[in-house]
Amino acid sequence: MATAAAAPDLEPASSFLRRRWLSGQLFPYALITPSVAVIAGVLAFPLGMLVWLSLQHYGLRELIAHQGEWVGLGNYQAILADPLFRQVIFRSLAFTFTCVALTILLSTLIALLLLKVRRAVSVVVMSALVFVWATPVIVTVDIWQWMFDYEFGVINYLLTQLHLGNFIHHNWFDNPVQGLGVLVLVVVWGAIPFVTITVFAGLLQVPGELLDAAEVDGAGPWQRFRFVTAPMLKPIFLIVTCLSTIWDFGVFNQIYVLLNQRPSADYYTIAIYSYRESFGVSQYGLGATIAVLMVLVLIVVTLFYVRETVRQAEIA
Amino acid sequence: MIAPGTAQGVQAGRARTATEAAARVMVPRGLKQLVYDATGIGVAAVMLFPIYWMIITAFKPGRDILTLQPKWFPAPFTLDNFKDAIARPFFLDDVRNSLVIVGVMLALALVIAFLAAVGTARFGFRGRTAFLVMIIGVQMVPLNALIIPLYMLLDSAGQVDALPGVIAIYLAVVLPFMIWTLRGFVANIPVELEEAAMIDGCTRTSAFFRITFPLVGPGLVATAIFGFIQAWNEYIIAYVLLSSPHNQTLTVWLASFTTNHGPEWGPLMAGAVKG
């Protein structure tokens, strides 16, 4: 922004004013107006309402009466004092970190692999990725639930056949550590296509001459990736990490469906917890409070990425 | 050790390649390619397996679905599940709804996002940073938490259980990402190209439409695909805000297979294959 925005100030005042009038300093504002109008028009009221709800006692009775009872920060005090909330936050952060790290790592490896394979193979891999990406989450979680079914699931059968142990009638969700492991698998599987395709698109933009030059200078494959490819992909890694963190922190469908719409407290992530408070026990005020806290935690977690992402964008 | 990058180093490198290439490099290279290709096929197979499982389940008769020994191929092959799926009420209605919602939404989103992308990529202005931060920040809000307020908003606009309300919500949800992605594509096209066209006699507008716009084509396609997938697959908003069955989307229709008696895997998978 610095260069672009500061440039007009350096010009003589008269030409500055004329330019502003003629070519229109107002023009860029006209360009972003429709999007601001749509986003603000649809989301401003609900967001304000969410914060408003979080400051009230708002149950089923209040919902019907359209009249909550003002409790100020009471909901926040109640939630922050709840030991369950701390567990949930910790679990969500650990879950998100695991998913994002695995997603970025595996996707980058697959994207790099795509550069190496012959064309026919890369078409096959790409089609597979698009296929997975294009299948609705609500459908894929059903498939996974079916595959991990303790009685008729293909996974248990497969693992037993491969002599990796006796998995007949093994219920993966009895043990939360295993269950969350399965959920990580499902989430990462679903996240890989988008990230891989994005990273791969970025890789194609890295000039081959640069890599050749580095190779001539004696850089090995890792050094070429570390010092040539990775810096050029930095903006892409930033935005992808940022978005993955946002999406994985808010993970809902996978947990809700795989645990038959009744996840036990061991499986509460922040989005499930908020949903349970709102729609499970009809404490809409508390649910809203959790949602607001969730956004605040997310802001803190992604602060660095958002700042770097915006900074990179402004340089470009 | 000879310092890499010096003339000496390059010379030495060349000499080594020349003498040893045939014996040492040629054979492993073919092998290496094979390993790469095999790994690629392996990745594709692992990623596709759940989808494959869905598809073959769709072609299996009920008694072959619930077996302790899964069948890898739909040996007795049946289309009954598909017939079952289509025969369920509102299938065509919901397909049409999905198409209308996504089509209208995408057309609007592409125009609006493109304008904003050009605005933020080509112009510096006061408030640009704030706009970019808003674009990212909006995506942090959990959609589930907004259901009740969104319902109230649509209710006051008389748009509950109506397609325009859902279109507007999808638009607001998909726009931030689309703007961000398109912005990257526009920013990557050098302004110098436009300037060259202007020197050759184009006006600023015609330079933009003749030079930049065609180059953003792939970006528009990529962004449209993303928007399409997001909206087509969205579930919770459509489920809550479109209550009557003839107004729902295909994704909601699919999810309705999971009935109270437990999921009916065959028809469900058959429906999903078509979705």
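The reply starts with chain A as a whole, goes on to its helix pairs, and ends at chain B.

Reply: This is a predicted model, in which local features need pLDDT of at least 70, side-chain atom pairs count only at pLDDT 80 or more, and totals for chains, interfaces and linings use all residues. Residues are numbered from 1 along each chain as its sequence is written, while chains are lettered from A and ligands numbered from 1 in the order in which they are written.

Start with the whole of chain A. It has 16 helices and two strands. These are DSSP runs numbered from the N terminus: H or I for helices, at least four residues; E for strands, at least two. Chain A has a radius of gyration of 25 Å, well over the 20 Å that the globule rule gives for 316 residues, so the chain is more spread out than a compact globule. (The radius is taken over C-alpha atoms, and the rule is 2.2 Å times the number of residues to the power 0.38.) Along the principal axes, the C-alpha atoms of chain A fill a box of roughly 75 × 60 × 30 Å.

Now look inside. Of the 316 residues of chain A, 39% count as buried. Buried means 20 or more other C-beta atoms within 10 Å of a residue's own; 12 or fewer is exposed, and in between is partly exposed, with C-beta atoms placed from the backbone. Take the contacts in chain A with a separation of 6 or more: residues 24 or more positions apart account for 65% of them. Two residues are in contact if their C-beta atoms lie within 7 Å.

A:Thr108 sits in helix α6 of chain A, residues 83-116. A:Thr108 counts as buried because it has 21 C-beta neighbours inside 10 Å. Along the chain, A:Thr108 and A:Val199 are 91 residues apart, yet their C-alpha atoms are separated by 6.6 Å.

Next come two helix pairs. Two packed helices are described by the angle between their axes and the distance between the axes. Here the axes are lines fitted to C-alpha atoms over the stretch in contact, and angles run from 0 to 180 degrees between N-to-C directions.

The pair α15 (residues 270-280) and α16 (residues 284-315) of chain A has axes that come within 7 Å and cross at roughly 160°. Therefore α15(A) and α16(A) are roughly antiparallel. The cut-offs are under 35 degrees for roughly parallel, over 145 for roughly antiparallel, 65 to 115 for roughly perpendicular, and oblique for the rest. The crossing of α15(A) and α16(A) is left-handed. That means the near helix is turned anticlockwise from the far one by less than a right angle; clockwise is right-handed. From α15(A), the residues that meet α16(A) include A:Ile270, A:Tyr273 and A:Glu277. On the α16(A) side, A:Leu286, A:Gly287 and A:Ile290 are among them. By class, this contact of α15(A) with α16(A) has seven nonpolar, three polar and one charged residues. Nonpolar covers Ala, Val, Leu, Ile, Met, Phe, Trp, Tyr, Cys and Pro; charged covers Asp, Glu, Lys and Arg; the others, Gly among them, are polar.

Turn to α11 (residues 208-216) and α12 (residues 221-232) of chain A. They pack at about 140°, with axes 10 Å apart. So α11(A) and α12(A) are oblique to each other. Their crossing is right-handed. A:Leu210, A:Leu211, A:Ala214 and A:Glu215 in α11(A) meet A:Arg224, A:Phe227 and A:Val228 in α12(A). The contact of α11(A) with α12(A) holds five nonpolar, no polar and two charged residues.

Chain A also has a partner. 77 residues of chain A are in contact with 74 residues of chain B. On the chain B side, α1(B) gives the largest share, 16 residues. That side has 54 nonpolar, 17 polar and three charged residues.

Finally, chain B itself. It comes to twelve helices and two strands, and 37% of its 275 residues are buried. B:Asp161 lies in the loop between α6 and α7 of chain B. Its phi is near 60°, a positive value in a residue other than glycine. Most residues other than glycine have a negative phi. B:Asp161 is partly exposed because 14 other C-beta atoms lie within 10 Å. B:Asn188 lies in the loop between α7 (163-187) and α8 (191-199) of chain B. With 13 C-beta neighbours inside 10 Å, B:Asn188 is partly exposed.
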